[in-house]
Amino acid sequence: APWKEERTRSIEDNQMNLPSMQAAYSAILRGLGEDPDRQGLLRTPWRAATAMQFFTKGYQENISDIVNNAIFDEDHDEMVIVKDIDMFSMCEHHLVPFIGKVHIGYLPERRLLGLSKLARIVEIYSRRLQVQERLTKQIAVAITEALQPAGVGVVIEATHMCMVMRGVQKMNSKTVTSTMLGVFREDPKTREEFLTLIRN
């Protein structure tokens with residue numbers, strides 16, 4: 001199961017890899033025609049390397065670590081929705097951010113997840129190199145595997161800096177992706193209820 005996946009990076013890896021990452025950022029600065037030894041850029045390779053490690057810290061974290069102690073058996077069969085979860089991720093094609101909101105709904109089958117944990121699942125998968133379509137699916141699949149609910153819906157609305165800053169799109173256009181599993185996929189009424197509730 002994806003949410004039982006192993007970490008691909010440790011805190012120790014971060015320390016070990018920092019010098020080579022710094023050297024790489026110095027080379028990038030030189031390649032841009034800059035002087036890495038000028039005062040304003042002296043600490044930049046270190047800052048950029050540690051920032052990139054932070055932006056991708058989802059590789060250090062496991063879904064099972066946060067989910068295991070936060071699943072509750074409850075006789076609740078109404079839809080649970082958490083909307084407007086802030087999301088910051090890195091486009092894996094250009095290594096620049098895409099940022100937006102995630103809306104999650106699920107129809108429990110006697111198992112509930114602590115609400116804050118939905119936001120943590122979003123954070124673990126978004127703090128990696130991503131494409132929005134895969135991120136949407138990974139969140140939905142992780143919730144499905146943790147809770148075995150009747151269905152899950154995930155919608156992400158995001159602005160991609162690789163598009164905005166490269167002049168490909170207007171500032172306020174958004175990319176919207178959705179993944180519907182179980183009854184959210186099979187039953188139009190359930191899906192419509194979810195989509196209506198996240199709009200309002």
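In the predicted model, Thr 56 has a relative accessibility of 6% and therefore counts as buried, the cut-off being under 20%. This residue is found in the loop that separates helix H2 (44-55) from helix H3 (63-67), and, when its neighbours within four places in sequence are left aside, Thr 56 is in contact with Arg 9, Arg 127, Arg 128 and Leu 129.

The strands considered here form an open sheet of five, arranged in the order E5-E2-E3-E6-E7 with mixed pairing. Strand E5 (129-130) and strand E7 (175-182) are the edge strands, each of them pairing on one side only. Strand E6 (residues 151-160) runs antiparallel to E7 and is joined to E7 by eight bridges, with Val 155 standing opposite Ser 178 in E7. Helix H5 (residues 132-147) packs on the sheet, where it touches strand E2 (80-91), strand E3 (97-107), E5, E6 and E7, and the direction of the helix makes about 155° with that of E6.

Two aromatic pairs are found in a search of the whole structure. Phe 54 and Phe 55 form an edge-to-face pair, at 6.5 Å centre to centre and with 65° between the planes; Phe 54 counts as partly exposed at 43% relative accessibility, and Phe 55 is likewise partly exposed, at 35%. The ring centres of Phe 184 and Phe 194 lie 5.4 Å apart with the planes at 75°, so this pair is also edge-to-face. Because Phe 184 lies in helix H7 (residues 183-186) and Phe 194 in helix H8 (residues 188-199), the pair ties together parts that are ten residues apart in sequence, and both Phe 184 and Phe 194 are buried. Arg 43, in turn, lies over the face of Trp 46, at 4.6 Å from the ring centre.

Key:
Residues are numbered from 1 along each chain as its sequence is written. This is a predicted model: local features need pLDDT of at least 70, side-chain atom pairs count only at pLDDT 80 or more; totals for chains, interfaces and linings use all residues. Side-chain values use heavy atoms; hydrogens and water are left out. Helices (H or I, at least four residues) and strands (E, at least two) are DSSP runs, numbered from the N terminus. Buried means under 20% relative accessible area, exposed over 50%, partly exposed in between (1.4 Å probe, protein chains only). Contact means heavy atoms within 4.5 Å. Two strands pair if DSSP finds at least two bridges between them. Axes are lines fitted to C-alpha atoms, for helices over the stretch in contact, and angles run from 0 to 180 degrees between N-to-C directions. Rings of Phe, Tyr and Trp (its six-membered ring) pair if their centres lie within 6.5 Å; planes under 30 degrees apart count as stacked, over 60 as edge-to-face and the rest as tilted. A charge sits over a ring if NZ of Lys or CZ of Arg is within 6 Å of the ring centre and within 35 degrees of the ring normal.
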